[in-house]
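Thanks for coming. I have one model to go through today, and I will keep it short.

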Amino acid sequence: MNRFFSLLAALLFTLTAVAETTAIIGGTVHTVGSEGTIENATIIIVDGRVTAVGSGIDVPDGASVIDAGGKIVTPGLFSPMGRLGLVDVSSSSGPVDSSQTNEHFTAGFDVADAYNRRSVAIAIQRIDGITRAATVPSPGSDGGHVLSGLAAIVNLGDENALDKRGAAMVVTLGEGGSRFAGGSRTAAWLTLRNSLDEALDYRDHKGDFERGMRREYQHSIADLEALQSVISGDTPLLVNIHRASDIETLIALTGEYDLNAIIVGGAEAWMVADELASARIPVVLQVTSNLPGSFDQLNARRGAANILAQAGVLFALSDSQSESNNARNITQSAGNAVADGLSWDLALRAITLAPAEIYGVADNVGSIEAGKAADVVIWPADPFELTTYPDQVLINGVAIPMESRQTMLRDRYLQMDSDKPPAWRDK
Amino acid sequence: MACSCYSSRKILSGKKVIKKISALVALAFFSQGCDRNGEEDGAAAFESRYKALAGDATLLKGATVLTGSGERLDNADVYFADGKIVAVGSDLSADGAAVVDASGKWITPGVIDVHSHLGVYPSPGTRSHSDGNEATAPVTSEVWAEHSVWPQDPGFVTALAGGVTSMQLLPGSANLIGGRGITVKNVPGRNVMDMKFPGAPYGLKMACGENPKRVYGGRGQAPSTRMGNVAGYRSAWIEAAEYRDKLEAAEKGQGEAPTRDLRLETLTGVLNGEILVHNHCYRADEMSVMLEIAKEFGYKVGTFHHAVEAYKIGDLLAEADTCSAMWADWWGFKMEAYDGIRENAALVDKAGACAVIHSDDEIGIQRLNQETAKVMGAAARVGIDIAPEHAIEWITSNAAKSLGVEDKTGTLEADKMADLVIWTGNPFSVYSKAERVYIDGALAYELGNNELNPVTDFSLGTAAATGGAK
């Protein structure tokens, strides 16, 4: 019996080992890594990770082979901003898990606990090439807070979807923040400063606080604990901000408190690009937002991505329209940034490796390199062209089914001459 | 088009006369303006005072031309003069015309957006600028979007850079019947009269579904349900039909004409076929019900806007000759948008119905060509091939049809307005941009030409005005 089982185990092991090796051959691979772009390349994937990428690499015996001859191959795309998996239908349809109005916690609000990898929206994004995403708390429209809580990094695969908790602490300043803080952007800054000061005080006097020998804090313990990694510099602030003067204030504040920060929005970031580069503050830029939606965005313009690039600012590309249900449209953002002067390679980097760097997960994702998770997209043509859709997407080495509720709806209504009511058609 | 202007002299000629001719006066308000060569000697109130920018006779040489009427002509020329298209074809020549080498470029008719809130919900979106929804009663057919339009909205200029030469400015969708929409040429002036598209019919904005029932139901008043919505439309049409009947009877000398009623005057314009219905409606079942209401009261639904589920009823829409104005891929932001698919416009088109891509958005209006491209690519995945010369119709001639101006613009046929765009390449490539935009034969925009390009008053001193200086 024992022998039988060990034989069986060996057999299973072999089968499993073979099944878990995949080779993608023949494509033009944009690694976004040190290997650059490789023609007629081979990518070897074992146990969900890239083990080799290059030309002239032998395909291991028994590997399953995906022929990408004549195709474009890129890393999986990384949506840098949005509420993926936190929202079903944002307007009047049950909870929107990205925001809350409870007074007792703000910074401690961690969206990772609510993330739903089975959300209908997930398949809709991933079949268009999105494999990783920042899913981010939002302040909500009424009764929100300057501090909204902790963002998570997720993968859009079917297993182990949560990559990183507490990837950033979301802060809303500027016009939005002033609304939550009492009607002035000054009050919003003061709210943030008070939160940081309380976290520092709590850190330094935790024992006294627990013995009841320290003053009360406005924040709950859950908030103060969550803020510890912010004041240590490990968790960046993710700051919703547009106005150049607010960005200058942020730069000063991060220096004063020795914090890390990421700007999201950044309509006027191009005006202080050099200062952002010096302060090493990256930007998640809304590429096509070129109108003054508010007085914070008075100098919004197209072409900002290229100005940030030339100044040496680390940036990811997003769009106001692409932040939740349509994260998939970041390829359109990238294409428009190229049309406005950004290089194609930097645009691809801005929707793959750059967001991974911004959120501190670039050791694992963002490029096709040995040792990284095998998130790979195979495209029939230039991925930024709007007529291009992926042929196949792999997440952690697994070729995902290329279907979503939307493709099912489409297929059901492709033939209008059916004599069956829709509910009796394809399921 | 017959001119239905009535001089202010006539209107002011006495109370009795006013009453007698009130039906005729009302007619003057169904069309935005009259031919400048019209026989009438005065100008009606709110009439178009649009004047084209100055332009020269121009010959564009050697481009790939999508005519908007289904044709693609390679290495073709376009000649226009006096604001009108003169000819499209090969090896054209024209004495004295300015010649533009357009080889390697693509030329299309000017892009038309049938659904915009520029000017009524302008940038910046401050509360003081929120002029698009008269959300004080579920039926406000008495309001006209044009009376909210702020021509200094910087969005007109950014839309122009996206090749948009005409658009309809609509009231919002808070109300069952939200008021009149207005079609304008994208030449912002000092007031809305300077922009009004000459001779374009008015639109009437109606809205199905979640918005009206949320706005009014939330205040504990009707409508609070979809059936409440439908009762609201029907009640309004019953009133309008009665008003129309009294007007018609008075014209025949049978009884007194009713006191002029702005609210019912606009609805009567719809019943008479002079004002076109633009109905915000997402779900297939609701659009179907709206078609029944139109049947009941004898009007036509010109266009369903948003029409996220139009693909489910393409046959019904084709039969009703109703256009669907759609986004390429907006979905899921509200329950009635849950079933949005990217192939929507392609499936509507395949069913033989009129497909239009619209924006409803000050950013989206800048790239309707890109939105169209998304649908082309999605359709190709399921074997529906939509050629560029056909796809362009969704944002040009079909949009013109939706607005009732298809005899004036939307294609590059002779005698149409010379509204056209020279693109740097295939307009359905993400890398292409509008290089030159002509409106009524005048160069209104040129890529990178800060000397020429317009800057609205609001944008003075900002990046938009300086081409990006700090």
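Residues are numbered from 1 along each chain as its sequence is written, while chains are lettered from A and ligands numbered from 1 in the order in which they are written.

For the complex, the predictor gives an ipTM of 0.93 and a pTM of 0.93. Chain B has an average pLDDT of 92, with 90% of its residues at 70 or above; pLDDT is the predictor's confidence in each residue, from 0 to 100. Residues 1–28 of chain B stay under 50, and residues 33–40 of chain B are also below 50. Where pLDDT is low, the predicted coordinates should not be read in detail.

Now helix 3 of chain A. Helices are DSSP runs of H or I with at least four residues, strands are runs of E with at least two, and both are numbered from the N terminus. Is helix 3 of chain A mostly covered or mostly uncovered? Mostly covered: 7 of its 8 residues are buried, including Phe180(A) and Ala181(A). Buried means 20 or more other C-beta atoms within 10 Å of the residue's own, exposed means 12 or fewer, and partly exposed is in between, with C-beta atoms placed from the backbone. The buried residues pack against strand 9, helix 4, strand 10 and helix 7 of chain A. After helix 3 comes Gly182(A), with a positive phi near 115°.

The axes of helix 3 and helix 4 of chain A come within 7 Å and cross at roughly 75°. Axes are lines fitted to C-alpha atoms, for helices over the stretch in contact, and angles run from 0 to 180 degrees between N-to-C directions. The two helices are therefore roughly perpendicular, a label for angles of 65 to 115 degrees, with under 35 roughly parallel, over 145 roughly antiparallel and the rest oblique.

On to the core. Ile263(A) is among the residues with the most contacts inside the largest nonpolar core, which has 252 residues. Such a core is a set of buried Ala, Val, Leu, Ile, Met, Phe, Trp, Tyr and Cys residues joined through C-beta atoms within 7 Å.

Last, the contact between chains: 44 residues from chain B and 40 from chain A, where contact means C-beta atoms, placed from the backbone, within 7 Å. Helix 11 of chain B gives the most to chain B's side, with 8 residues.

Conventions: Predicted model: local features only at pLDDT ≥ 70, side-chain atom pairs only at ≥ 80, totals over all residues. Contact = placed C-beta atoms within 7 Å.
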